Amino acid sequence: MQGCHTVAVSSQPHTPSQPAAVLFDMDGTLIDTEPMWMAAETALVEEHGGTWTHDDALAMVGNPLEVSARIILDRTPVTLTEGEIIERLLREVSDQVAAGVPWRPGARELLGECVERGIPTALVTMSWTLLADTFTATLPAGTFTTVVTGDAVSAGKPDPEPYLTAAERLGVDPTECLALEDSPSGVGSASAAGTNLVAIPLMVDLPETPNTITVDTLDGETVDSLWGRFSR
């Protein structure tokens, strides 16, 4: 199945002082690809004689790609099919990520800490396998214990399925996991799944959700500094 990448999970049991797993969103949380998506959307719409505003682009942040493609078709003169829109946007962003990964501050260090400590990790993204594979190919093998992509779930964010799928693959309770998100749909998904959620606003304001802390940046944060803010 596309998007189903899993490696062996460490047998080290988690403790109350450590999350059972850390579940990472990709676009806007680990890597700053949102400007790439916005530029690709704008170029596509303008090629077809339409106008794509900054507000239009912001409305796409965190959406499943099928939803974003339908928005483009509904609001612009673009005549491509939904699948053609998704393929074009994915390839443009993937090519840019392959040329250089735009890490968000502190994200690479936090991910590396999880690996060093043997804490299982999941990449939970609404981007499809092409982009997720491009990103993970830049990392040491096994950095993510499992990868859940938008083309591997039946219901995308804000539905809880992506995060529930990640927890199920890892064999952990989502309520014992730490999740990191930057978009309204991602926050909704991780919250509905019952995770301990770290919201890192970037392009858009985020809704208030239960069991959520908000930080401006991951720079200087550690697993312990984040996990310790949740009462259990």
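Visitor: How many salt bridges are there between domain 1 and domain 2?

Guide: The count is 0. Bear in mind that this is a predicted model.

Visitor: And how many residue pairs in polar contact between domain 1 and domain 2?

Guide: The count there is 1 residue pair, with both residues at pLDDT 80 or more.

Visitor: Which helix gives the most to the side of domain 1 that touches domain 2?

Guide: Helix α6, residues 129-136. It puts 4 residues into that side.

Visitor: What area do domain 1 and domain 2 bury between them?

Guide: About 1,600 Å². Carbon and sulfur atoms carry 73% of it.

Visitor: Back up a step. Where are the domain bounds?

Guide: Domain 1 takes 21-32 + 102-230, and domain 2 takes 34-99. The contact draws 19 residues from domain 1 and 20 residues from domain 2.

Visitor: How far apart are the C-alpha centres of the two domains?

Guide: The centres of domain 1 and domain 2 are 23 Å apart.

Visitor: Where does proline 158 sit?

Guide: Proline 158 is in the loop between β4 and α7. Aspartate 159 lies in that loop too, between β4 (146-148) and α7 (161-170).

Visitor: Is aspartate 159 buried, exposed or partly exposed, and why?

Guide: Partly exposed, because its relative accessible area is 32%, while buried means under 20% and exposed over 50%.

Visitor: How far is aspartate 159 from alanine 190, in sequence and in space?

Guide: Aspartate 159 and alanine 190 are 31 residues apart in sequence. C-alpha to C-alpha, the two are 8.5 Å apart in space.

Visitor: Which residue has a positive phi although it is not a glycine?

Guide: Asparagine 211, with a phi of about 50°.

Visitor: Where is asparagine 211?

Guide: Asparagine 211 is in the loop between β6 (196-199) and β7 (212-214).

Visitor: And what does asparagine 211 count as for accessibility?

Guide: Partly exposed, because asparagine 211 has 38% relative accessibility.

Notes:
Residues are numbered from 1 along each chain as its sequence is written. This is a predicted model: local features need pLDDT of at least 70, side-chain atom pairs count only at pLDDT 80 or more; totals for chains, interfaces and linings use all residues. Side-chain values use heavy atoms; hydrogens and water are left out. Domain bounds come from an automatic or database domain assignment. Contact means heavy atoms within 4.5 Å. Buried area is the accessible area (1.4 Å probe) that two parts lose on being put together, summed over both. A salt bridge is a side-chain nitrogen of Lys or Arg within 4 Å of a carboxyl oxygen of Asp or Glu. A polar contact is a pair of N or O atoms within 3.5 Å; within protein, one must be able to donate a hydrogen and the other to accept it, and residues adjacent in sequence count only if both atoms are side-chain atoms. Helices (H or I, at least four residues) and strands (E, at least two) are DSSP runs, numbered from the N terminus. Buried means under 20% relative accessible area, exposed over 50%, partly exposed in between (1.4 Å probe, protein chains only).
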